[in-house]
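Thanks for coming, everyone. Please have a look at the structure, and then I'll walk you through a few spots.

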Amino acid sequence: MRFYLLILLGVFSLSTQAHQLSTAYLSGELDATGKVQLDLQSRLYDLERAVGLDTNRDGELLWGEVLDNAESLETYLKSRINLRRDDRPCNLSFAGPWKVDEHYGEAYLITPLQAQCPLSGDLTLTYQAFYDQQPEHKLLVNFRSDEPGSSDTGSSHRVMDRNQQELILGGGEGSLMLTIKDFVKEGIIHIWIGLDHILFLVSLLLTSVLMRASGHWQAEVSVRRIVTNAVWIVTAFTLAHSVTLTATALGWVQPSSRWVEVAIALSVALAALNNVFPVVTQLSGITFAFGLIHGFGFAGVLGELGVPADQVLPTVLAFNLGVEIGQLAIVLVLLPCLMLLRHYLWFRRILVPAVSILIAALAIYWVITRI
């Protein structure tokens, strides 16, 4: 595929494209949760004139030159494409890998975008790209609305140009329940694919079935105390990350995502090392403190998904509920296994330290790479 892209980009030189018509294509759809998926296809010659992608100025555009200018290209497109619903802005972001296609003998860059919009009102597109360089430029729009009750259900095909830079794509009422269902699912998925969050829980649960005595880990005899320990750990983690997730989603705090990721990795390392060199034996306090940091990480994912402007609180609660469901599923699978293993000496003396050291080593690697 990469070879094909290089050939395609190399064959269609910038000099031969200069006399072609300037046309872009936008296809997309709006679903009942207020989510918009878009595919923008822009002529590479137009992008070169607008952004300056041909770094070595040899008249031919290579894939590496496109990638080298990705930040400038994204900034240009996002500043000239705007979606709003009921006069409230949608959170527009790039959604996937770029591709190259061919239309009428010319190379086009396909840039997937997505946006999370409010659930009701007219969906309005503003498009202002390339008109300064190409006054005759046109955008061909093919948009579908799958909302129940939408006045524009089905496909619509429109043309935008310099004289019509704004277009109403659809309207109707979205479904709050579908939005909640969607974000609960996203919360579950995130906790299950978030290896750092999973390893943090594993580190804490490994010793929740044990007790410290005579300088060694011993099996906790009382099942009731084991369950109580696990409940306190889960509750502390839940309360902590709920606080920071909500505060960040509501815009009260906006920490640096880079340092949040570093802090999350560091929390995993410290929790794992505490199993090998126990400093804290009452884990609910340290769990709450580190849970605050993990909440910022959850909020970052939620921000990337986009939150409907008119349903911030329900969406945050739904995502948080999904995180809890995913977390409880992990606990319900892992804790019974650890309870069965706690009586074996090899588990307490070998497996727990070995697994903890492996987790700590991986987390330290994450800290280094994330810095």
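T124 is buried, at a relative accessible area of 8%. Buried means under 20%, exposed over 50%, partly exposed in between, with a 1.4 Å probe and protein chains only.

A word on the source. This is a predicted model, where local features need pLDDT of at least 70, side-chain atom pairs count only at pLDDT 80 or more, and totals for chains, interfaces and linings use all residues. Residues are numbered from 1 along each chain as its sequence is written, and side-chain values use heavy atoms, without hydrogens and water.

Back to T124. It sits in strand β8, residues 123-127. Strands are DSSP runs of E, at least two residues; helices are runs of H or I, at least four; both are numbered from the N terminus. Leaving out residues up to four places away in sequence, T124 touches N82, L83, R84, E166, L167 and I168. Contact means heavy atoms within 4.5 Å.

Now helix α7, residues 195-206, and helix α12, residues 345-370. Their axes come within 11 Å and cross at roughly 150 degrees. Axes are lines fitted to C-alpha atoms, for helices over the stretch in contact, and angles run from 0 to 180 degrees between N-to-C directions. The contact residues of α7 include L195, D196 and L199; those of α12 include F347, V352 and W366. They divide into 10 nonpolar, 2 polar and 2 charged. Nonpolar covers Ala, Val, Leu, Ile, Met, Phe, Trp, Tyr, Cys and Pro; charged covers Asp, Glu, Lys and Arg; the others, Gly among them, are polar.

Last, α7 and helix α11, residues 312-341. These axes come within 11 Å and cross at roughly 35 degrees. Here the contact residues divide into 9 nonpolar, 1 polar and no charged.
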